[in-house]
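Work through the exercises below with the sequence and the model open side by side. Try each task before reading its solution.

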Amino acid sequence: MTTKTSLLKVILLGDGGVGKSSIMNRYVTNKFDAHLFHTIGVEFLNKDLEVDGHQVTLQIWDTAGQERFRSLRTPFYRGSDCCLLTFSVDDNQSFLNLGNWKKEFIYYADVKEPEKFPFVVLGNKVDVTERQVSTEEAQQWCQENGDYPYYETSAKDATNVAVAFEEAVRRVLAMDERTDHLIPTDTVKLHRKPRSAATCCS
Amino acid sequence: MASDPLVKIIYEHEGVFIHPSSDDDDGLEQDLLVSGSLRILDKDGEIIVEYRPLEDTVDPSNMLCAGKDSSSVVEWAQCPGERSHQLLETQQSYETEWDMINAVSFRKRPCSNGEGSLNHSHEKSRWAFTFSVSDLRSITLKEEGWCFLVFKLKEPSASLPALHFHQGGSREFLDMIEIIFVYVYVCRASDDATCFLVSTPNKALSQSFENLLDDNNYSLVNKLKKDPYVTTLGGFSKVTNYLFDALRGTEEQQRRPPEEVADLLGEVIPGLEINQQEEPGFEVITRIDLGTRPQVTRREPLSAEDWTQHQDPEGRMINVSHLKQVIFKGGLCHAVRKEAWKFLLGYFPWDSTLEERKALQRTKTDEYFRMKLQWKSVSEEQERRNSRLRDYKSLIEKDVNRTDRTNRFYEGIDNPGLVLLHDILMTYCMFDFDLGYVQGMSDLLSPILYVMENEVDAFWCFVSYMDQMHQNFEEQMQGMKTQLVQLSTLLRLLDLAFWNYLESQDSGYLYFCFRWLLIRFKRELSFQDVLRLWEVMWTDLPCQNFHLLVCCAILDSEKQKIMEENYGFNEILKHINELSMKLDIEEILHKAEGICLQIKSCKDLPHSVSTILGFNTEASGSDLTDSESSPAHIVSHRQDACSNGHRHLTETSHNGCKVAFIS
């Protein structure tokens with residue numbers, strides 16, 4: 001079998017300050033900066049990885065979480081293969097908003113079969129001591145909303161970050177064996193069809 | 001020809017005639033009518049127009065000749081009967097010219113002798129011609145009952161016979177030309193709606209055009225599909241399909257996400273097309289030479305001594321316009337900032353006395369603490385019932401912890417700077433509860449607080465700054481949308497080739513400049529450079545919306561890389577995001593000022609551009625050069641090597657058709 005690299009677009013969504021950029025940076029650069037700027041606009045980073053023998057390039061998109069930026073954030077949902085719904089375990093409101101983020105994503109990403117779309121839920125900041133959201137609550141929400149995998153992560157100490165992304169990739173690959181994501185590493189030039197002499201009127 | 005796999009036919013139409021008599025003095029041929037086919041070919045990336053007379057399918061003795069005077073000619077079997085009627089029906093939809101062909105009389109050309117056949121083929125090849133569209137100067141559409149086109153090539157000595165569309169098809173031909181170059185290089189001449197001008201495609205343009213064709217790129221096609229002009233033109237789809245086929249190859253492809261993203265952004269940021277409207281309903285696009293970009297010099301920052309010299313004994317600022325020019329040219333020494341920023345931002349009136357300012361500060365201090373007390377005194381229960389205040393507060397707390405934390409003023413835990421940043425933002429929520437707190441505002445406040453080192457002064461300076469920036473943060477972000485459209489307008493004037501490239505990469509909405517515009521380059525430059533840039537911008541010199549020219553200056557430095565590396569939508573966004581902290585403020589300010597002077601010296605600026613830069617309302621920029629003792633600050637004029645620009649572009653909607661043109 002020839003080596004194929006899949007380009008998968010993954011998007012991190014969740015309230016401002018739950019740690020979306022930190023999760024992305026931890027995963028891609030393996031660094032953590034507690035004082036990282038909040039995201040303005042839209043950013044993305046690429047990460048190559050191998051999951052179960054599949055070569056994958058993850059394109060991880062990170063957006064500004066505030067409601068006000070919605071209209072200029074949502075266009076970037078298009079073409080996502082997976083959505084990481086993120087909240088912070090020390091912020092109950094960010095947990096309560098998960099449903100809104102899911103709704104917003106499905107609507108703007110124009111997901112054809114929402115019940116089949118691979119969401120993964122991340123409860124970030126498990127390193128902090130004062131939790132407002134229990135593991136059970138979060139697991140229950142995931143179960144009731146489509147049996148999504150749930151990971152308690154810490155971008156700060158790297159807990160579960162890589163695992164969560166790998167699970168995201170597995171979910172995409174498992175449910176989606178479509179070949180159209182698979183771009184052969186040897187690029188194939190698609191030729192335009194040479195047209196036979198056509199006449200538009202006789 | 002067609003067997004050559006590298007040649008693709010984009011358009012083909014038979015029944016296109018040459019009237020040799022009108023192009024030729026040779027009286028013998030005055031009645032000759034050459035019939036042939038016209039094609040547009042994509043020959044290995046080069047777009048070729050080819051005219052070929054019909055091969056020897058027509059016996060020379062059966063040649064059709066049109067007499068100018070129908071009464072003097074022998075009637076050809078041109079019956080208004082069944083056959084032509086049928087033709088009429090099948091072609092009527094878009095062959096409006098067909099009507100008149102019934103009125104044209106034909107006669108047999110007097111049969112010549114035996115050598116006619118040989119002569120004929122010789123004669124026929126004589127009328128064949130091909131030319132590359134890049135050699136085309138203009139196409140003129142004329143009507144004399146039927147339509148005919150006159151081509152002019154850039155090589156003036158090469159004249160081509162007019163092509164007569166007795167069987168229709170001229171409109172489709174022109175539409176096709178227009179479509180092909182709509183984002184590249186055809187335009188309609190400003191003074192003559194029937195004449196199309198064709199620009200020289202430079203290398204970058206050809207490159208991007210090739211990309212459009214070769215990349216199995218759908219964007220052009222998608223735009224065509226959306227274009228109301230295209231969809232309303234009857235009979236057009238047939239021709240368009242040729243282009244579709246030529247562009248998309250054999251397989252149906254998925255739409256690429258970047259295109260979908262771009263389409264959606266286009267819905268969010270409307271107005272790019274409408275904005276270009278000079279005179280409603282008419283397309284006027286001409287080329288104006290922008291001329292060379294002047295090289296400018298910058299000066300040393302204004303010193304404390306200079307500052308006090310601009311004060312009268314009672315503390316009024318004097319010679320303010322000169323003062324502003326000096327600040328524009330070199331910025332401020334840090335020691336002056338605390339005082340000068342209050343004037344630049346409008347907290348202090350320039351003509352106020354020291355006493356008046358002290359009084360103002362007392363009033364403003366009371367006002368500030370009154371508002372601060374309001375949120376300070378909200379009880380926990382009240383807060384529980386006030387979700388908006390709670391949300392603002394929560395986000396402010398988070399963002400204060402993530403703003404300029406490497407700066408001394410804000411670093412570490414429990415730094416008083418952090419408390420001030422928080423309190424001022426909370427108080428601003430009470431000052432303007434509708435707006436409240438929006439992400440980005442902490443970036444705008446941080447340098448002001450750093451300079452003021454005073455809660456009340458920083459608050460009121462921030463209020464003044466927010467007055468300018470308010471629209472950017474409002475619910476609909478109208479300010480952001482307006483700025484993106486304005487920037488797009490400027491970029492098209494300055495550098496159409498680059499703009500076309502961005503457009504071809506679904507990046508014409510310039511979304512990648514979002515962060516630049518929302519927080520005025522705060523994240524792009526080092527903290528000290530942000531201070532310099534902001535004080536320069538607050539002088540309102542050398543023109544209105546100077547920050548947009550700062551964007552143009554940065555893009556001007558990056559365009560080469562972007563186009564050479566053939567960056568697509570995602571790469572452009574990534575590249576621009578990653579410029580952060582790598583930019584040189586002085587280089588940018590040099591270039592931006594140069595661009596301003598370059599545009600300003602240009603006559604016949606499009607109204608939209610003059611409006612954006614404020615050239616038609618006031619002369620704020622003109623005194624800039626006047627005030628300099630000599631033009632010595634303009635060291636040299638240099639042609640910007642990278643600039644494909646020097647083109648002036650105005651664009652309006654003609655029949656709803658977006659046409660980008662240069663001449």
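**Exercise 1. A helix in chain A**

Which strands and helices of chain A cover the buried residues of H4(A)?

Solution. The model is predicted, so treat each value as computed from it.
- Step 1: find the helix. H4(A) spans residues 98-108, and its buried residues are Leu98(A), Trp101(A), Lys102(A), Glu104(A), Phe105(A) and Ile106(A).
- Step 2: list the cover. Among the strands are E1 (4-13), E4 (82-88) and E5 (119-124) of chain A. Among the helices are H2 (70-73), H3 (92-96) and H5 (135-144) of chain A.
- Step 3: look past the helix end. Asp110(A) follows H4(A) and has a positive phi, near 55°.

**Exercise 2. Chain A as a whole**

Solution. 
- Step 1: count the elements. Chain A has six helices and seven strands.
- Step 2: read them in order. The pattern along the sequence is β-α-β-β-α-β-α-α-β-α-β-α-β.
- Step 3: check burial. Of the 202 residues in chain A, 53% are buried.
- Step 4: check contact range. Take the contacts in chain A with a separation of 6 or more: 72% of them link residues 24 or more positions apart.

**Exercise 3. Strand partners in chain B**

With which strands does E8(B) pair, and in which sense?

Solution. 
- Step 1: take E7(B), residues 136-143. E7(B) pairs with E8(B), residues 147-153, in the antiparallel sense over seven bridges. Thr140(B) stands opposite Val150(B) in this pair.
- Step 2: inspect the connection. Three residues lie between the two strands, which form a hairpin. Gly145(B), in the turn, has a positive phi of about 90°.
- Step 3: take E9(B), residues 163-165. E9(B) runs antiparallel to E8(B), and three bridges join them. Here Phe148(B) stands opposite His164(B).
- Step 4: check cover. Six of the seven residues in E8(B) are buried.

**Exercise 4. Ile519(B) and its surroundings**

Is Ile519(B) buried or exposed, and what does Ile519(B) touch?

Solution. 
- Step 1: Ile519(B) sits in the loop between H23 (514-518) and H24 (527-537) of chain B.
- Step 2: judge burial. The cut-off for buried is under 20% relative accessible area. Ile519(B) has 0%, so Ile519(B) is buried.
- Step 3: list contacts beyond four places in sequence. They are Ile40(A), Gly440(B), Asp443(B), Leu444(B) and Trp534(B). Ile40(A) belongs to chain A.
- Step 4: check a distance. Met441(B) is 78 residues from Ile519(B) along the chain, yet their C-alpha atoms are separated by 7.6 Å.

**Exercise 5. Backbone exceptions in chain B**

Solution. 
- Step 1: recall the background. Most residues other than glycine have a negative phi, and most peptide bonds are trans.
- Step 2: find the cis bond. Leu541(B) and Pro542(B) are joined by one, with omega about -5°. Pro542(B) is in the loop between H24 and H25 of chain B.
- Step 3: find one positive phi. Met477(B) has a phi near 50°. Met477(B) lies in the loop between H20 and H21 (478-494) of chain B, and counts as buried at 0% relative accessibility.
- Step 4: find another. Asp506(B) has a positive phi of about 60°. Asp506(B) lies in the loop between H22 (496-504) and H23 of chain B, and counts as buried at 8% relative accessibility.

Key:
Residues numbered from 1 in each chain as written. Chains lettered and ligands numbered in written order. Predicted model: local features only at pLDDT ≥ 70, side-chain atom pairs only at ≥ 80, totals over all residues. Heavy atoms only, no water. Helix = DSSP H or I, 4+ residues; strand = E, 2+ residues; numbered from the N terminus. Buried < 20%, exposed > 50% of the residue type's maximum accessible area, 1.4 Å probe, protein only. Contact = heavy atoms within 4.5 Å. Pairing = 2+ DSSP bridges.
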